[in-house]
Amino acid sequence: MTKGETMDLRAMMPSALLLLALMALPGTATGADAPPAVTNVEAPSAVKIGILTDESGIYAEAGGPGNVVAARLAIADAGGTVLSRPIELLDADHKNDPAVGTQILTGWFYDGVDAVAGLSTSSVALAAQQIGRARDKTLLIAGAPDSDLIGTACAATSTHWAEDTYALARSTAEAVVPSGGDSWFFVTVDHAFGLAMERDANEAARALGALVLGRVRHPLGTADFSAVINAAKASHAKIVALADAGADLEHMIQQAGAAHLDAGGQTLAGLLVYLTDIHAVGLAAAQRLYVTEGFYWDQNDAARAFAKRFETEMHRMPTKQQAATYASVRHYLAAVAAAGTTEARAVNAEMRSLPIDFFGRPATIRPDGQVAYDLTLYQVKSPAESQYPWDYLKKVRDIPAARAFRPVAEGGCPLVK
């Protein structure tokens, strides 16, 4: 090899190194056998919705697994995705314990959960509202009725889809006091919900001229109501108002019937009664009981259509809490799509501006977060009046939303100017 030839090879070395470098670059084709380029595309993160509810306790039939099914139906109706992102549904049992609910909620928010629905117990919902407010997270309260949730404890990122204790108490009082129920005795669960319900019903009854002759408060999960019934009998009050719910309410109704409370001219008035309560105690025990509902499965075609789908999954008709869970999740997803984000304040602003079809009834979200819709006062049918399965209620009258719910300026919500 000559000196000139050696120099030529050295001159070629930079080109060879460049070729080797290009071969090492991703996606650089060097021949027919070169592998195709590989691009790592990260899948879009899911929009996460949690259902926090009582899945095993005294309120499980009214909410519980039925709330999860209702949310699943709402997600299906939204197409399963929003903002081109999949929707992930989680659920957990708060066991009617604010400490348990708080722990679950804190973990969920740390893991990126965007919204929490259900919230079937007032003490849990009140604790959750504090966390949601501090973390700017969306809460869709479908179960807890405590009127403080839209009063002093209201939050800009929360909406309240249940009838509150004010609406339930006022509707029942306006039905029974003018009909002769001018003296009341309260049976109250010693819990946030019961105390709020007794307070609001007491005020409503007194405002209509009724006398409140006494009260008995019992712990959550009471099985034996014999002492309570004896105290109610001794009061001689015409109306024994039940400021409890779930299994507690069912036990009280059943045992009051067995003790012939009505023989002394006394009548039970349930302040928060679910369809599942009536089903559990039977029409014979529950007949003539007044019930205020924002949703009843047989109220119209829209309600029946949802109820039939729910029944396919759960083999029974939905309660008003389960219907509210469906409506809240469905509306939330529509607001996320409209806002183009899951950021809580933006989504809640959209929720308050978008129209709501609440099972064939128009609804609006007030500045304090209450979802306002017309209510209906029903009376439980007798066994002879019921014509088909789950045919339990007969309509007494409709109550316009503006009359049913507390005036927004009277609740003490700091969001209301």
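Two strands pair if DSSP finds at least two bridges between them. Strands (E, at least two residues) and helices (H or I, at least four) are DSSP runs, numbered from the N terminus.

## About the model

This is a predicted model, where local features need pLDDT of at least 70, side-chain atom pairs count only at pLDDT 80 or more, and totals for chains, interfaces and linings use all residues. Residues are numbered from 1 along each chain as its sequence is written, and side-chain values use heavy atoms, leaving out hydrogens and water.

Let's start with an open sheet of four strands, ordered 8-7-9-10 with parallel pairing. Its edge strands, each pairing on one side only, are strand 8 (211–218) and strand 10 (267–270). From one strand to the next, the twist averages 20°, with angles running from 0 to 180 degrees between N-to-C directions and axes fitted to C-alpha atoms, for helices over the stretch in contact.

Strand 9 (residues 239–243) runs parallel to strand 10 and is joined to it by four bridges. Look for L242, whose bridge partner in strand 10 is G270.

Helix 6 lies across strand 7 (183–189), strand 8 and strand 9, and runs at about 170° to strand 7.

The axes of helix 5 (residues 165–176) and helix 6 (residues 192–207) come within 8 Å and cross at roughly 40°. That makes helix 5 oblique to helix 6 (angles under 35 degrees count as roughly parallel, over 145 as roughly antiparallel, 65 to 115 as roughly perpendicular and the rest as oblique).

Methods
Contact = heavy atoms within 4.5 Å.
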